[in-house]
Amino acid sequence: MVFERYIAGYTRAFAKTDRNMWNYEDGCVLIGLTALYGATGDERLLQAVKTFIDRYVNAAGEIRLYQKEEYNLDFIPSGRALFTLYRITGEERYRKVIEQLMEQLRSQPRTRSGSFWHKRIYPNQVWLDGLYMAMPFYTLYENSFGNGAGYADVLSQFETVRRRLFDPQTRLHYHAWDESRTAFWADPATGLSQNFWSRAIGWHLMALADVYECWPADVPGRERLAELWAEAVDGALPYRDTKTGLFYQLAALADAKGNYLETSASLMAAYSLYKGVRLGVFQSDEYLSAAEEILCAVETRQMAMENGTLHLGGICKGAGLGPEGNNRRDGSAAYYVSEKTVDDEQKGVGVLMMACAERQLLAKRQPIESSLPRVEVFTMPYDPIMPDEILRLRGQNAGA
């Protein structure tokens, strides 16, 4: 009931929201709503996605407020919802936007080792965040419109992250790496940032989950993706808080002054675990138990009612490294724990939707048994009457 009520209310508000920027934060919610639509069949979720997207995509297939020349990987994730809209409606404007975003990736600046720069303003830098921003979209494009040449590129960029950002002692991945070793936050010998930020680890876990799911079975690399995914999950799980099952803002520094249990990173791990269990990558009961513990802890500890409205709290508003001139964002432990925590921010809410969708799909495949308190599966009361706009577009597409 708690998640169901919260997501339903958030969805209604989100459909009316215009933040006046094309951004990955809203992309998380669009991906979450699309995932819930796939799990439940509730057309209202799809309508919310379309209503939101249509504020940014005009009839000519142009994206309002999008600047390709910024070469910012954060512009890519919102495009994932367009694959669903194009498949259902057949509207060419959605396909045009997909092509615009893919054209950005084709010309995105790269490190000498072949990985995308995170942004134009971050030259030679590879962030864990960027894998989630770019790789699932890239793989979906190859599946739908590509010639297959991009699969090796996707896998290679995961391999570079494993080779450069993985720490064999902690079994965790650092937040970022500067190939040039010149960024003020980078270790001059390794190019690595200083700490293991849990949300960056979460981005990586979700990227592996989503790319693995849509990777064709007959394309080489699927088994390797499963290995990388399992290694990343097994490395992260020991760092959960023993009392709650949640992750701290800084995974490996539980006792650091100011460190706190962070919602979005914890939900990212739960999402990845649920999907891994559903797809058969994680077969031990401990993985499902960990996912259930996280979702229960979020429901019981991170949600609160205020004046009749539910809120999801404990979400780090944002954290990063640099750019030059912003010495505060130096990658230190003190920096990460100083970032503001907020309620109801898209990166937390969108991933909550994704986790609920995965749990829904898993429950359809097999009963979920747990000794933990009951976690509600997201089931908005289903109204078989589709919104008029979706019916109209489907009718047009059928006649085309």
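Buried here means under 20% relative accessible area, exposed means over 50%, and partly exposed is what falls in between (1.4 Å probe, protein chains only). The model is a predicted one, where local features need pLDDT of at least 70, side-chain atom pairs count only at pLDDT 80 or more, and totals for chains, interfaces and linings use all residues. Residues are numbered from 1 along each chain as its sequence is written, and side-chain values use heavy atoms, with hydrogens and water left out.

**Helix H4 and its end**

- Helices (H or I, at least four residues) and strands (E, at least two) are DSSP runs, numbered from the N terminus.
- The buried residues of H4 are Arg-80, Ala-81, Leu-82, Phe-83, Thr-84, Leu-85, Ile-88 and Thr-89.
- Just after H4 comes Gly-90, with a positive phi of about 75°.

**Pockets**

- A pocket is an open set of points on a 1 Å grid over the protein atoms alone, where a 1.4 Å probe fits and protein lies on both sides within 12 Å along at least five of seven lines; lining residues have an atom within 4 Å of a point.
- Grid points are joined across faces, edges and corners, and a volume is the space filled by probe spheres set on the points.
- The largest pocket holds about 610 Å³ of space, and of its 26 lining residues, Thr-34, Arg-80, Thr-84, Leu-140 and Glu-213 lie nearest the centre.
- Helices H2 (24-40), H4 (80-89), H6 (128-144), H8 (198-214), H10 (263-278) and H13 (346-365) each give two or more residues to the lining of the largest pocket.
- Sorted by class, that lining has 15 nonpolar, four polar and seven charged residues, where Ala, Val, Leu, Ile, Met, Phe, Trp, Tyr, Cys and Pro count as nonpolar, Asp, Glu, Lys and Arg as charged, and the others, Gly among them, as polar.
- The second largest pocket has about 420 Å³ of space and 24 lining residues, with Tyr-24, Glu-25, Asn-72, Asp-74 and Lys-119 nearest its centre.
- H2, H6 and H8 each supply at least two residues of the second pocket's lining, which has eleven nonpolar, five polar and eight charged residues.

**Aromatic rings**

- Rings of Phe, Tyr and Trp (its six-membered ring) pair if their centres lie within 6.5 Å; planes under 30 degrees apart count as stacked, over 60 as edge-to-face and the rest as tilted.
- A search of the whole structure turns up 21 aromatic pairs.
- One of them is Trp-229 with Phe-282, an edge-to-face pair at 5.0 Å centre to centre and 70° between the planes.
- Trp-229 sits in helix H9 (residues 222-236) and Phe-282 in the loop between H10 and helix H11 (285-302), so the pair ties together parts 53 residues apart in sequence.
- Both Trp-229 and Phe-282 are buried.
- Tyr-6, Tyr-10, Phe-14, Trp-22, Phe-52 and Tyr-56 are joined into a cluster by ring pairs.
- A charge sits over a ring if NZ of Lys or CZ of Arg is within 6 Å of the ring centre and within 35 degrees of the ring normal.
- Arg-64 does this over Tyr-56, at 4.7 Å from the ring centre, while Arg-95 has its charged end over Phe-145, 3.8 Å from the centre of that ring.

**Salt bridges**

- The structure holds 25 salt bridges, each a side-chain nitrogen of Lys or Arg within 4 Å of a carboxyl oxygen of Asp or Glu.
- Arg-95 also bridges to Glu-99 (3.0 Å, N to O); the two lie four residues apart in helix H5 (residues 92-107), about one turn of the helix.
- Asp-210 and Lys-275 meet in a salt bridge at 3.0 Å, N to O, linking helix H8 to helix H10 across 65 residues.

- Most residues other than glycine have a negative phi, and most peptide bonds are trans.
- The peptide bond from Gly-322 to Pro-323 is cis, with omega near 0°.
- Tyr-71 has a positive phi near 45° and is buried, at 17% relative accessible area.
- Asn-307 has a positive phi of about 50° and is exposed, at 76%.
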